[in-house]
Every structure is written in structure tokens, then in C-alpha cells.
Amino acid sequence: PNSGIEGVFEPALSSLAASGVPASEAIPQLRVLYGPTVADIESVSGQQAYYLWEAGYQTPHDILEASIEELTAVYQIGSTTAPDIQDGARELLHED
């Protein structure tokens, strides 16, 4: 059984699967739709959220999957800020 946010959109996954949309394709989209987004990470400013989103980092999951180097390549994200943002994403997803 899926826990957390995936459990919330389990019914949508079932319906999408019946329509031929694989879970691997649907989950990233549903994470964005159901939230949280990068804007919900406590240490992310509105400006940083904008640039992260534009760079393809839309959810806390995206932030955690990125390397520090990938995050610091985003405008307004520095080598001190990137680990703080990952810590905030971890907290938001309760992945301590």
C-alpha cells in the first residue's frame, strides 16, 4: 500500500491505468497537482520558487532527486542555499 501523498491519489492512478496511462508517467504529474510544490518549502523564497519551477524542479521530490550541483546551477540558488532547500524538502515530506 502506498503511504503519504501517493495514497491520496491512488484512485486517480487506478483510473489513469485503466485509460492506459502508466503510473510512472502519472505520478510526477499528480505530485504537482496534489502538492506540495517547491513554493511550500519553508526555506524557498518566491523568487527562488519561480526559478526552481522554471528549471523543472516543481515538487519537494524533484528537489531531493537533484544533486547540490544541479540545484546550484539554478539562478538564485547558491551552495549554501541548496542544502537548506533540500533539508526543507525533506522536512516537508517527513523524510527525516
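So, what percentage of the 96 residues of the protein chain count as buried? The answer is 32%. Keep in mind that what we have here is a predicted model.

Okay, the overall picture. The protein chain has 7 helices and 0 strands, so to speak plainly, reading along the sequence you get α-α-α-α-α-α-α. If you put a box around the C-alpha atoms, along the principal axes, it comes out at roughly 45 × 25 × 20 Å.

What about contacts along the chain? Take the ones with a separation of 6 or more: 44% of those link residues 24 or more positions apart.

Now let me zoom in on one helix pair. In general, you describe two packed helices by the angle between their axes and the distance between the axes. Here I'm looking at α2, residues 10-18, and α3, residues 23-34. Their axes come within 10 Å and cross at roughly 140°. Because of that angle, α2 counts as oblique to α3; the cut-off for roughly antiparallel is over 145 degrees. As for handedness, the α2 and α3 crossing is right-handed.

And who's actually touching? On the α2 side it's Ala12, Leu13 and Leu16. On the α3 side you've got Ala23, Ala26, Ile27, Leu30 and Tyr34. Sort the α2 with α3 contact by class and you get 8 nonpolar residues, no polar ones and no charged ones.

That's my bit, thanks.

How values were computed: Residues are numbered from 1 along each chain as its sequence is written. This is a predicted model: local features need pLDDT of at least 70, side-chain atom pairs count only at pLDDT 80 or more; totals for chains, interfaces and linings use all residues. Side-chain values use heavy atoms; hydrogens and water are left out. Helices (H or I, at least four residues) and strands (E, at least two) are DSSP runs, numbered from the N terminus. Buried means under 20% relative accessible area, exposed over 50%, partly exposed in between (1.4 Å probe, protein chains only). Contact means heavy atoms within 4.5 Å. Axes are lines fitted to C-alpha atoms, for helices over the stretch in contact, and angles run from 0 to 180 degrees between N-to-C directions. Angles under 35 degrees count as roughly parallel, over 145 as roughly antiparallel, 65 to 115 as roughly perpendicular and the rest as oblique. A crossing is left-handed if the near helix is turned anticlockwise from the far one by less than a right angle, and right-handed if clockwise. Ala, Val, Leu, Ile, Met, Phe, Trp, Tyr, Cys and Pro count as nonpolar, Asp, Glu, Lys and Arg as charged, and the others, Gly among them, as polar.
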